Amino acid sequence: MLCLEDSSLMTMALEEARLAARAGEVPVGAVIVAGDTLIRGHNRTIMDADPTAHAEIVVIREASRTIGNHRIPGSTLYVTVEPCLMCVGAIIQARIARVVYGTADERYGAVESMIRAFELDVNHKPAIRAGLMEEEAASLMRAFFQERRRGEVPKWS
């Protein structure tokens, strides 16, 4: 069983978010830990021409392939931004035990912002930890969209 702290895993998710930004994708990164398996990923909607290729979906798909099961019980998903409704659905279907995210998404967030999807009558409700490294995740998003509005190509370190 991997034994890394939440902050170390969120740091990895933030590194993935920076990779997404460098590729011109919305800077959202994710890490999923299932036993000894650790999968990292980021938004790939533009690169893959796939509207479902959110960071959460990318790592859930890869973790499922790696462990050979469509369910990932006992796993923890770390994501830099509050999951949207589509991603919450995938989290439920994958039976992810715990979700840790950085910053809220007032526009599309489906954990606490736009809707509280896990409070609906669903068959699986993961434990939630919100706000881990919130300012760093939020500033990444703000900077990305400010540069995009100015027509600049984001430069990420």
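Okay, quick definition first: I'm calling two strands paired if DSSP finds at least two bridges between them. Helices (H or I, at least four residues) and strands (E, at least two) are DSSP runs, numbered from the N terminus.

Some housekeeping. This is a predicted model, so bear in mind that local features need pLDDT of at least 70 and side-chain atom pairs count only at pLDDT 80 or more, while totals for chains, interfaces and linings use all residues. Residues are numbered from 1 along each chain as its sequence is written, and side-chain values use heavy atoms, with hydrogens and water left out.

We have five strands in an open sheet, ordered β2-β1-β3-β4-β5, and the pairing is mixed. β2 (37-42) and β5 (127-130) sit at the edges with a single partner strand each, so one side of each has no neighbour in the sheet. β4 and β5 run parallel, joined by 4 bridges; look at Val100, whose bridge partner in β5 is Arg129. Helix α4 (residues 134-149) packs on this sheet, touching β3 and β4, and its direction makes about 60° with that of β4. Contact here is heavy atoms within 4.5 Å; axes are lines fitted to C-alpha atoms, for helices over the stretch in contact, with angles from 0 to 180 degrees between N-to-C directions.

Now the inside. A nonpolar core is a set of buried Ala, Val, Leu, Ile, Met, Phe, Trp, Tyr and Cys residues joined through side-chain atoms within 4.5 Å, and buried means under 20% relative accessible area, with a 1.4 Å probe and protein chains only. The largest one has 29 residues, and Ile32, Ile60, Ile72, Leu77, Val88, Ile91 and Ile96 are those with the most contacts inside it. Its largest share, 6 residues, comes from α3.

So what does α3 pack against? Its buried residues pack against α2, β3 and β4; they are Cys87, Val88, Ala90, Ile91, Ile92 and Ala94. Just after that helix, Arg95 takes a positive phi of about 60°.

Last stop, the largest pocket: about 650 Å³ of space. It has 23 lining residues, with Val26, Asp105, Tyr108, Met141 and Phe145 nearest its centre. And α4 turns up again, giving the most to that lining, with 5 residues. For the record, a pocket is an open set of points on a 1 Å grid over the protein atoms alone, where a 1.4 Å probe fits, with protein on both sides within 12 Å along at least five of seven lines; lining residues have an atom within 4 Å of a point. Points are joined across faces, edges and corners, and the volume is the space filled by probe spheres set on them.

Notes: Buried means under 20% relative accessible area, exposed over 50%, partly exposed in between (1.4 Å probe, protein chains only).
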